[in-house]
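Here are a few notes to read alongside the model. Have a look at it first, then come back to the points below.

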Amino acid sequence: MSKNLKFEALSKRKIMSSILIKNIKQLIGIATAEELKSAFYGARISKLETIENAYLWLVDGKIKSFGTMQDELALKLDLPNTTLILDASGRIVLPGYVDSHTHLVFAATREKEFCDRIKGLSYEEIAARGGGILNSARRMKEASEAQLLESAWIRLQEVIRQGTTAIEIKSGYGLDVENELKMLRVIRRLKEISPISIKTTLLAGHAYPMEYRENHEGFLKIVEEALIPNVAREGLAEYIDVFCEKGFFSVEETARIMDAGAKFGMKSKIHANQLHHSGGIEIGVAKGAISVDHCECVGEAEISALKGSATLPTLLPGAAFFLGIGYQPGRRMIDAGLPIVLASDYNPGSCPSGNMNFVMSLACTQMKLTPAEALHASTINGAHALELGQQMGAICEGYAANVLITEPMEDYSVIPYSFGTNRIEKVIVNGKLL
Ligand code: NIG
Ligand code: FE
């Protein structure tokens, strides 16, 4: 072994990280590797596995072991002397949130439209006048990569403090090749500096730019022949997305963009059924999308299309809250046996918040999910919606040490109960206390 290699091996040994969390009031979100092979649904999504008066030991970024405090004493854990010991008396420890749908990179807020909606305009009316996504696209063109990176970095740190430990970020405000590439490069840079995992989605069909409103074919050609190949060449995105909605992209146009992405190995996660029964869910399922997201407009037809498919329905109640439209029928979907996911949809138009604690509050109060169901939908099911479900999203030996420690509280249900308040006191990502 060369001198250098020896030194590396030594220094690696030295930086072996170890955190022992003791006296945990409730350790929640526990599961076996076998159970974690798929997203939770049926009885499993409703049943929260918990250990009271527990310990959790994290070594080198992974969950090493956990059990009761009596186990901890009996096992005489071989703790390295560098171990950080945290006393979680009176506190809850849970897996970090996996937010599988966001538009975290954007150039400007849209409070003017917020005020217009209060006065009676709808989201669709604002969009039809050239506001909405087109408004964000104009601001995107003016913004530099450095400005976008700085504001997105602040938002990312904010959501991490609120408990998000893995996230998906979409492009979609570029609306042309140059600006989409700009957005995606910002996300790539965020990935390099972020303490949490980031998955990137090319939102290739978000809205037709004004000059293509009457020329959809022209826009779709650019997407197929220039945008997707360029993004693929630079390896900038894992997934492809389309806003399948009346006034945006039709079912046929959505299918075409999904196919174009698939040719370059991009699996799809699409915006579906936010404002209408648009057929988005059905086409998503038919084309094997990983997830169909939004799902405000879901009835029997959509539920039966989803039933038995591998496509995960992702509900974004923050957008329904902010736009003042009807919520997703989450209770009915769980009762129908669907593995629902919860995500934030953090974006400047329909949900300027990435607070997953509040998403869980909405799921409980508005959709009648139990806190246990909301938690599974925000952790392990979110992880599956990003193909990370075998690595994170639950308390399981060998899983990523992404865990949250709350303020002192009586029971974990205080988290969604405390709407609008962040009860997360400590965030640990890959075994590091942030
Ligand atoms: O998920 N619905 C489409 N896209 C975003 C909103 C985009 C915007 O208004 O800026 C969403 O709600
Ligand atoms: Fe969205």
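1. Start at the ligand: His294 has a side-chain N or O atom 2.8 Å from an oxygen atom of ligand 1. That makes a polar contact, meaning a pair of N or O atoms within 3.5 Å. Taken alone, ligand 1 exposes 330 Å², and the protein buries 100% of that (Shrake-Rupley areas, 1.4 Å probe).

2. A word on ground rules: this is a predicted model, with local features needing pLDDT of at least 70 and side-chain atom pairs pLDDT 80 or more, while totals for chains, interfaces and linings use all residues. Residues count from 1 along each chain as written, chains are lettered from A and ligands numbered from 1 in written order, and side-chain values use heavy atoms, without hydrogens or water.

3. Back at the ligand, Arg110 has a side-chain N or O atom 2.7 Å from an oxygen of ligand 1, and for a polar atom of the Asp345 side chain the distance is 2.9 Å. Around ligand 1 there are 15 residues (a heavy atom within 4 Å); among the nearest are Tyr123, Tyr173 and Gln274.

4. Strands are DSSP E runs of at least two residues, helices H or I runs of at least four, numbered from the N terminus; pairing takes at least two bridges.

5. Within it, β8 (197–205) and β9 (239–244) run parallel, joined by four bridges. Thr201 sits opposite Tyr239 in β9.

Terms used:
A polar contact is a pair of N or O atoms within 3.5 Å; within protein, one must be able to donate a hydrogen and the other to accept it, and residues adjacent in sequence count only if both atoms are side-chain atoms.
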